[in-house]
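Please read the following dialogue with the sequence and the structure at hand.

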Amino acid sequence: MSDSGSCSETISWTLYSDGHLLVEGHGAMPDGQVIDSKKSRVKSLTLAEGITSIGKDAFRGCKSLESVDLPDSLTAIGARAFRNCQSLTGVDIPNDVDVIAPYLFDACDSLVSVHLPTGADKISQYAFRDCVSLKSIAIPKNVSIIGMYAFYQCSSLTRATISGTDAIIRHCAFEDCSALTDVTVSKGVTCIRSFVFEDCTSLRNVSLARSVTIIGTSAFSGCTSLRSLALPKRLKKVRRRLCIGCSSLRKVSVPTSVKGIGERAFRGCSSLRHIYYGGTKYGWRKVRLHSGVEHELRHARVHYAKVRPRLTNKIRLTKKKIKLREDKRVRVRIKGAKSRLVARGANKKAKKALKIRTAGKKRIAVVAKKRAKPGKVYKVKVWARKTPRYKKSAVKTLRVKVKATKKAEVKD
């Protein structure tokens with residue numbers, strides 16, 4: 001025994017006694033419920049090849065529906081099409097469907113797994129809200145928007161891998177997913193809006209790609225199991241209340257791109273002990289801390305990156321050879337020094353024969369002592385000191401010829 005009817009001129013349906021619903025025909029299904037009065041009898045659904053779209057609310061409230069077989073010809077599914085199908089356990093959405101419509105699987109309590117199409121570019125708001133049995137989700141690479149509350153209160157969701165193309169994760173998308181432990185935000189996601197992972201109390205591991213440039217207010221607030229957080233390298237600001245109430249958070253990595261930390265960003269992070277800053281101590285001082293943040297970080301030690309000295313401390317002697325008379329001082333200008341100069345005799349004889357003084361970064365002065373032998377050429381080594389910012393410069397050699405004449409001569 002079976003019941004039958006039509007959805008439109010080109011599409012008809014047949015409901016068999018065992019609860020199997022077959023929809024046949026070609027083209028798009030109209031909006032509205034297919035079998036409103038008999039929807040409680042539907043246990044399985046098959047859409048025949050040729051049907052291109054499912055209308056809004058088509059199978060909403062089929063509480064006994066357990067399985068769905070969708071054709072490859074399907075390109076669109078309307079909003080709320082499977083809303084409140086409480087017995088539905090799994091869905092394989094065809095690859096040509098490009099939008100996961102609003103409220104599509106809202107309140108599907110038994111939904112364990114969903115295969116999202118590779119061609120999908122949008123997951124709309126509330127699409128999987130209250131799917132309390134959903135355990136994992138992998139977002140396709142072409143997705144550009146994950147809507148508000150898309151996975152709100154999916155209390156069995158343990159792992160989420162989020163990809164995308166210039167993707168934006170909108171407000172509260174994964175809020176209150178109490179079993180969520182691992183989140184991977186892959187390359188291509190650029191923006192995480194406010195409250196996205198709020199109250200994910202089991203969240204421990206978060207991996208954020210460097211493509212993320214914005215993380216909104218309270219994005220990780222209330223994640224009481226989160227122990228460490230590495231902020232992406234292109235993030236410009238730590239917004240207010242970012243990790244408020246993360247009582248297990250022990251260490252945070254802050255990149256040099258961050259220019260400010262908002263109010264109450266780490267309020268209630270009682271276990272926070274280490275801040276790993278990607279730059280120098282001088283750079284950390286430039287980060288604008290909102291009032292109260294210093295108090296929140298009072299127990300945390302800031303670790304600075306070991307920055308290699310720059311290779312720009314190069315010096316050049318304006319004269320490589322000089323002649324001087326006994327007890328006559330000759331100055332030599334030095335160019336390019338970034339730190340104080342050092343000048344010494346190249347050997348013991350030069351040290352005894354010459355008196356050498358430096359004047360900051362610009363010049364040295366050489367005087368021949370009485371021990372200096374006329375006609376003798378002595379070597380003086382000159383270099384710039386090593387500093388935390390600059391490496392020691394290359395050593396330059398100045399040749400000094402002592403001449404026992406009344407007039408000092410200088411030769412370039």
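The dialogue below goes through cores, salt bridges, strands, contacts and cysteines.

Q: What kind of model is this, and how are its residues numbered?

A: This is a predicted model, in which local features need pLDDT of at least 70, side-chain atom pairs count only at pLDDT 80 or more, and totals for chains, interfaces and linings use all residues. Residues are numbered from 1 along each chain as its sequence is written, and side-chain values use heavy atoms, with hydrogens and water left out.

Q: How is a nonpolar core read, and which residues touch the most other members of the largest one?

A: A nonpolar core is a set of buried Ala, Val, Leu, Ile, Met, Phe, Trp, Tyr and Cys residues joined through side-chain atoms within 4.5 Å. Buried means under 20% relative accessible area, exposed means over 50%, and partly exposed lies in between (1.4 Å probe, protein chains only). The largest nonpolar core here has 95 residues, and F59, F82, F174 and F220 touch the most other members. Strand 2 (residues 11-16) gives the most to this core, with three residues. Helices (H or I, at least four residues) and strands (E, at least two) are DSSP runs, numbered from the N terminus. Another core, of 25 residues, lies apart from it and includes V330, L354, V382 and V402.

Q: Which residues does F82 touch?

A: Contact means heavy atoms within 4.5 Å. Not counting residues up to four places away in sequence, F82 touches L45, I54, F59, L65, V68, I77, L104, F105 and C108.

Q: How many salt bridges are there?

A: Side chains of opposite charge can pair when their charged atoms come close. A salt bridge is a side-chain nitrogen of Lys or Arg within 4 Å of a carboxyl oxygen of Asp or Glu. By this rule the count is nine. In one of them, R41 pairs with D3, and the closest N and O atoms are 2.7 Å apart. R41 lies in the loop between strand 4 (27-28) and strand 5 (44-47), whereas D3 lies in strand 1 (residues 2-6), so the pair ties together parts that are 38 residues apart in sequence. R41 is partly exposed, at 36% relative accessibility.

Q: Where do the side chains of strand 30 point?

A: In strand 30 (residues 329-335) the side chains alternate.

Q: What is the sense of the pairing between strand 30 and strand 33?

A: Strands of a sheet pair through backbone hydrogen bonds, either parallel or antiparallel. Two strands count as paired if DSSP finds at least two bridges between them. Strand 30 and strand 33 (residues 363-368) pair in the antiparallel sense over five bridges, and V332 has I364 in strand 33 as its bridge partner. Strand 28 (residues 316-317) also pairs with strand 30 in the antiparallel sense, over two bridges.

Q: What is the order of the strands in the open sheet of four strands?

A: The order is 21-23-25-27, with parallel pairing. Strand 21 (228-230) and strand 27 (301-304) are the edge strands, each pairing on one side only. Four bridges join strand 25 (residues 274-277) to strand 27, and the bridge partner of Y277 in strand 27 is Y304.

Q: With which residues is S257 in contact?

A: S257 is found in the loop between strand 23 (251-254) and strand 24 (260-261). Leaving aside its neighbours within four places in sequence, S257 is in contact with P232, K233, R234, L235 and K236. S257 is buried, with a relative accessible area of 19%.

Q: How many disulfides does the structure hold?

A: A disulfide is a pair of cysteine sulfur atoms within 2.5 Å. The structure holds zero disulfides. For C7, the nearest cysteine sulfur is that of C62, 12 Å away. The sulfur of C243 is 4.6 Å from the closest cysteine sulfur, in C246, which is too far for a bond.
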